[in-house]
Structures are given as C-alpha cells and as structure tokens.
Amino acid sequence: MTFLKRYLIPRLFQYFLVIWLGITVVFLIPRLTPNDPVMRMIGEMRGRGSTLEPGAMDGIIRDLTQMYGLEGSWLDQYWAFWVRLAHGDFGVSFFQFPTPVNKLIATAIPWTLALLLTTTAISWIVGNIIGGLAGYYSRKGWSRTLDAIAMVIRPLPYYIFAFSLLLLFAYVVRWFPITGGASLGAIPSLSWAYIKDVLWHSILPALSLIILGGAVNFQTMKLFVQNTNSESFVQYAKMGGVTEDRIVSKYVIRNAILPQITGLALSLGQIFSGALITEIVFSYPGLGMLLYRAIINGDYNLIMGITLLSIVGITTAILVVDLTYPFFDPRVRYN
Amino acid sequence: MSKRMGRREFMKLLSYSAGGVILAACVPGPQKSVEVEGPATKVPEEVADVLGTFPRRETLIARILTGRVGSPDNFNEWVGWKWRDRGTQNLANEPLWSVDFATGNIIPGAAEGDPTYSPDFMSLTVPLRKGVAWSDGEPFTAADLVYTIDTLMKYDGFSAHTFFVDNVAAVTAVDDYTVKFDLKQPNSRFHTTFLDRWGCTWIMPKHIFEKETDPVQFAFNPYVGIGPYKLHSFDPQGSWTAWEKREDWGKSPTGILYGEPKPKYIIFQYFADEGTQILAQLTHQLDVAELSADGLKALLSQSKTSRAYQPTFPFVVNNDPCITGVLFNTARKPFDNIDVRWALTLAIDIVEYTSIAVDGSGTLSPVHVPHLGPYPADYIKPMQEWLKSFTIDVGNGETFAPYDTTAPKRIADFARSRGYIFPDTQEFLEQAFGLGWYKFAPEIATKLLEKNGFKKDADGKWLLPDGTPWKISFMCGTVLSNHDARNAAAAVQQWKKFGIDAEMYTTENGDGLGATGDFDVSGAWPAQEPWGAGPDLYRVLDRWNSAYKKPVGERTQGIYSRWSSDAMDTIIKDLRETDPFNNDAVIALGIEGLKEAVTNMPGIPTYGYIGFVGWDEYYWTNWPGSENPYNEPYTHWPNFKYTTPFLKSTGA
C-alpha cells in the first residue's frame, strides 16, 4: 500500500499531467507561429506556378479553412482535438489532404521503429560491453587503440560520416544501394525477397547510426568504468582475491551501467521523433521527414500525431525507468 | 501462496515484454479514420529489380522535384496538392493547352485549336481533339469536359470551385467535340484556366468519377488520363512512381501530335539529398538530376556521360519563364517613393550582383518579363529605343538615362576573366546574358536620395529623412540556394556597400508576411510570372490591378508590392477588352504596361530564373539542350511528355 500511495500513484499522476501539458503546448505552439497552413498551401500552389485567379482567392481561403477544420476559436479546435483523440483519430493531414494522419504515421512508423530500435539496441549493447572492458583494461594497447578510434569517430558530424559511408560502400565499391528503403519497383509484402531487399537497403543507414552511437556509448561507459574501478570496494575485492571476471562483471560494469540504462530508456523514448538526417542522406523512409515536412507546412494535425507519440514515448520511458530502477540497483528502495 | 518476484525473473519478464512490444510495433496495425477506396497497386511476386521489372535500357529515371510523395495512393488532382510532378502532369495528363517556353508556342493537347470568344467575351467555344481515348480505353469527348465543370461547381471541396462558380453561367456540349461556355461576366482570358503552366484545370474522366458519391474524397487510384503513359506502380512510402507507355499511345494527344514516346517505362524517384543524386547519375541510375550550381559543376567534372542544358558556360537552363529580382513593399515607407526605388536600383553593380547570386550565369532582363521564349522578340528588342531614351528626374533640372547596353558584355568579360570559355557571337551573348540592364550609378542614387531628404551620417551610413538610421530588412526563404535568397544576398551586399544597413531576413512564412504586407523588401518575384508562351502579358500586368490591393494587414490578392497606378489600370482594362489572339494589339498594350512598370519600378527585375539540370547520355540522348531546344528542358514540367517521342535510346 505504501508503494502505491507514496510512489506509484504520484508518479502516474505526474505521467498523465506531463502528457496533457505536452500535448497542450504542442497544440498551441504551431498556432502561435506565423506559419498559416492555408497560406502555406496557397503559397505552395502559387510557388509551383499554378494559376490562382486573384478574384477567387478569398473563396479558396474560405474553402481551405473549412476543409482543414480551422474554423472557430482555438478552444473549439482544442475540444475537437480531444474528442477525435478519444476515438483514436488525429484527423486528416492538411498538406496531404484528405489522407488521415493515422495512415501517414502507420506507413512511416515501421521503418523508423525497425531501424532505430535495432540500431539503438546494438550500439548500446556493443558500445557498453566494449567500453566496459576497455575501461577496466584501460592500460592495454587494444583499449588505447579503440579509444583513439572512438576519439576520431565521435566528433565527426553525422551527415559527413553517413555520406562518407555512402560514398565508400555505395559508389566506390558498390556493395550497397545509394538510396531508398527498398529497390525501385519493390512493393511491400511478407516475401523473403522483399525482406532481403529491405535489409540490404537498411545496412548503410544502420551502420552509420550504430558506429556513431556505439562510439558514444563506448566512451561514456569507458569513463564510468574507469571511475568505478578506482572505488575502494573494487580495490577491496581485488585485495580479497575475488576473481577478475567476477570483479569486471559483478562489481564494476554492473555499477557503471546504471546511468547508461537511464540513457537507453531516454534514447528509446526519442525514437518516435525519427532520424531526420539519416532519412535525408539515404532517402530513407520514416517519421523524421514526415515531422519536418509537417512543421514546415504548418500541418497541425500531423504535428500533433507524431509529437504525441514522442511525448508518450519519452514520458513512458522515464516512468518505466523510475519504476524499475530498484531491480537494477538494489540500493534503491521505494520506501 | 504468493511468491515474490526476484530481480532476475523481473529482468527476464522485462526482456520478453520489450521484445514482444518491439515486434508488435513493427507490424502495421489496423487503420482508423477516413479511408479512401481504390484498386490496389500492382504487386509483383518477387522484388522488382530495376533490370527486371523495368529493363534499364527501356526505362528513363528522373528525380521528382517536389520531394517524397506524401499521399502516394491519392491521384485526385482537383483537391489540394498531390505532387503532380511525379508523372501525373508530365506523363499521364493532357490539358486542353500547354505553354512551351522553349519555343514560345502554345501547344493544343486535348483541344484541337484556340478557343473562339464571342465579341462581348460573354461566351467561348472550345474545339476538342478527335480520336483521343482515356488510358482505360474509353473515348474522350465533350461530355468529360462538361462533367468536370459541373462537378467542380457542385462541390466546394475542389480547389477550383470558387473560380468556376464565379465565372460560369452554363457549360454545354455542342456536339461530341465542341464545348460552349456561357460566362457570368465578360472574361477574355477565361480559357487560361485550362492552359497548363505547371498546373491548370484538368479534365476528369466522366465514366469513372460519376460512379463516386463523394468525388472530393475519391482517391482516383489508379489514375486514368489521356496522356501517353499510364500508372504502372508506386511506392507506398512515396519514394517513386512508375509509369508505363500505353499500348494505345496513338490515342493520346502526344502520340497524335508527335508520334510514339520512346521510353517504355518512366520512373520519378525521390532523392532527399543532392549528393545521392550525383552518385546515382555517376552510376547511371538516374538519367535526369536537378542540382545546385555547385552540384552541377561537381557532376560535370566527374562524369563522362553527363551533360548540362548548355554545352559551354553558363551551362544552366536559362529559359524558365520567370523573372527573379527584388520586390519592394510600396505600402511601407520609404519604398512608396519612386526615387528611393530607383536609387536602390542604381546602387546595384549588376556584374557584381550576378556574380554573387549565380556566378554570372543569369540572363539579364531590364523589364518585368524574362529574356526567353517570345519576349525578346515581342518586347525586349522593340523596347530598346525607349529604354535608351528613358530618363529619370534627379532634381535641380537634371535627368539621367539609366539604361546600359554594355551590362551583358561586362558580365561576359567577367566570366572570361574567371576562365570560362564560351562562344563570342552576338547571338550567343544575347541568349546567355541578355540585351542590357541598368547602370551602376551610386552618385545618381545619392542625388535621388538627397533630393528626398535622406542624408549620410559621419560614418557614411544613410539616414532616413527623419534622421534615424536607414535599415532594410530583405525577406527571403530559408533555402539559401533558391533564387529569392540568392537575390537577397546579392542586393544586401550591394546596398551595404552603398552605405545602407541592410540585412537578410529568412522565414518559412514568406507568403503569409508577403500577402499581409509585413516586410520591407522581398526576394519574391518582382512581377507575376508570364505564361512563357504567346505574347499576351495579361497574366503579368493584371496582378498590378488596383482592384486586388488591400490595406497592409489584410491579404492582398495582387502582387505583394501593393503597387498600382491609374495608367496601369487603364492598360489592364484595355487588355481585358482585347482579343488575346490579336497579337499586334496585345503586344502594343503589353509594351505600354512594361513601360509603366519600369517607370515606377515596384520591383527590380534582375535575371531570369535559372535551373541546373544534369542529363545522363548513357541510356538516352537527344535531350532538348540549348543547341536543339525543341521543347522545354525540364522533366517536371507538364510538357515533358512532348519530349518523350524525341528521345533516342543508345541501346546501352
């Protein structure tokens, strides 16, 4: 009962409050910017050379405002948003009218999840294991070599690094495709041929994220381990004759990994924002470009749809970390 | 008996749960909300290889200009924006008429000729082309056009609804191939709503749309048009759209006019990054790339099979029907003053200006239409004597003739000094650099400003007549390679040199701020883009109509300079009462309109829009380059379909 009353319920209340506040802020911010979706659409049509008769402009603006559901006060729109959300509906995209936001997100999200969940997990696991070992054996030659490599890779701007991979593996040696999530002509199906094709296209984007993400995890874990290694309880274990394997796995890495677990949870929560630059360099499908385009075009409903996922993702990750931390760190107790 | 869960058990449970959630998340779930019905796209059993489903030697691959298609399964082009350059406008649709800015001609597609107006412009008849069929085999007739107009007027969700409701009293099929429009008020340019210039009113296939209860929500998938290509397949992510040559291509206007299109398949593919476009063309995976100036240089230096629009400097496509430059907000002081606008014009050294903006590769125009298509012959050359004799009042009885015929030669000399090699013929120099521009005359600009109470402070910075520092905020978009930003960068540098505190202001909301007049100076085009074909300048001049002007704060319906004049209103009125096909009369009025615009200079025309196209000649040749401009050069323009019969396969 104490756990529920003093820990779980306040945190659940905080969880829902943050989500509500986040959604309300995201509802307001696009409307406070001078980016008017109706004028963006007219600007797009005008910019592309379409003939919009000057005399008909007021009528076009009126019709678009009506179609987009932007009539009425902000309070009316806010209420309508929550009513729609209660039915699991984000409405239609303004810029891709009349395509539903749900459909746009459902089309893009498998690509983002598949790419970022995999790469986040791999870069975290590999970076932390190697970083942990390199930190413990920091005086060894291989540890210093790995550290030097990470020092070179980590400061590289992601765009430059990703494009260099593309240049090397897609242009010079031509092992991988230059662009896209699948080959021209490939239509999604559960066939092995399609899955193989998608995997082939995902290798370079994944590699770019894993190497840079892995380097970050490597360096931070190495530092954590080096700090932990100098703690007195580790020194005491060494003097007490505890085997080195046990010291590494049970004493050092286990303690050093705690902040990395928090970092992993936050990284997983941020996945729903997509990987914009990866999507640009490799012309890869996903939520990043969808969100970017929605912001540029003032596509309120689409912005709401994607950011809602992101807000829920991050707050849920924080809640899960909060609730599960005692299982990772026995020193933490709810009471 | 209860059992406490240990940390190890919890961790296992957490791992399994997380794995389950990840797998579940990767499986597309059921969708709610509005669903559009339509036949599914073709699904090959195996993954299509570009050398399999689309044999490369029979396939042409071009980049889609407007980015990843956001609604790939929706082809209802009559509602909102549907990424029409993914092949819909350029291959599958045929309008009544198209502009060809390369030749200056208007091409009748679905129409068999020009429309005929009644003398009072209260009605017109349109002759339709015979022998045309939709891509599903149904014949194309007057009933389709009549149905389209009736449907657009019936549903207010269509983009063109208001225009047709405001203008059309009745539309009737006189016979199977003649349509008559009765208008609500005289409108001598009504037909231009069907004139394709990167968008116009398209014709719906009646036999398909009439089955739909809500044609606004109808996805129209697969697209059915009268163009020479039909939809083959598309990526649900919007990365590419593939089109296949119709077996009955001879029943498309393109086939009837120009013969058989050569590529069997044409694919429009999305590239998010210029670098990948270059790599794709270097590996012959992209036939047509659209790049930046630096991107084109990089491509040409690396590729043995790529070419640009022009074989020598300036390489660029310089015949896009659009004049770039500087636009003043004449509703805001001090830009409401003609002397100030002219002073800012004369403070520009056009050689330096075009060097900063486009490395000297733009074609100059001294008037508010670009130097391309019919405009040099119809307007810019005939106006030379007037331009030479045109003077501005500097004050104290002094006048100044600002026109400078040496400007193009000075730009050519500058380009040569940078090592560029190009022909030295008068014809080439005119085509590449134009016929003239305005003098760099800072001393005259100073006199014009001083005449109006401006003065300089001790640091040589200009002060407004009230003694406060003169600051100019130059508004442009956030994409700095676009021509609004290029003009902004060049103008700001020139005006800073002249002593004005000028700065660039980038925004994503240029249209909103422009329409409501919340800016000083903008990189928006200084005049409405002309049609690019035919001599009629009504489209340009009418945007300066005082009837469209609104007070600052309200959205103007005219051009964002908010400039108008009684003389221009009179010219527009006369033009409205003139038959658009009476070329002599139209040109005479157009010249008067351009003179009025130059005299008042509500925006400074600088150079014509330029594009940077890279064509790969590995698989396809006979592109419409500057040495053989048989059609406009862009693959994203509607007339690209008229290029397809002229392309030649190399057989590679």
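Why does Ser118(B) count as partly exposed? Keep that residue in mind for the last stop of this tour.

The model is a predicted one, in which local features need pLDDT of at least 70, side-chain atom pairs count only at pLDDT 80 or more, and totals for chains, interfaces and linings use all residues. Residues are numbered from 1 along each chain as its sequence is written, while chains are lettered from A and ligands numbered from 1 in the order in which they are written.

Select chain A to begin, and you will find 14 helices and 0 strands, these being DSSP runs numbered from the N terminus, with helices as H or I of at least four residues and strands as E of at least two. Its C-alpha trace spans about 90 × 65 × 40 Å along the principal axes, and of its 335 residues 41% are buried, that is, have 20 or more other C-beta atoms within 10 Å of their own, where 12 or fewer means exposed, anything in between partly exposed, and C-beta atoms are placed from the backbone.

Next, select residues 97–100 of chain B, which form strand E2, part of an open sheet of 3 strands in the order E3-E2-E8 with mixed pairing. Strands E3 (105–108) and E8 (195–196) of chain B each have a single partner strand, so one side of each lacks a neighbour in the sheet. Strands pair if DSSP finds at least two bridges between them; E2(B) and E8(B) do so in the parallel sense over 2 bridges, with Trp97(B) opposite Leu195(B).

Finally, select Ser118(B), in the loop between strands E4 (116–117) and E5 (123–127) of chain B. Ser118(B) counts as partly exposed because it has 13 C-beta neighbours inside 10 Å.
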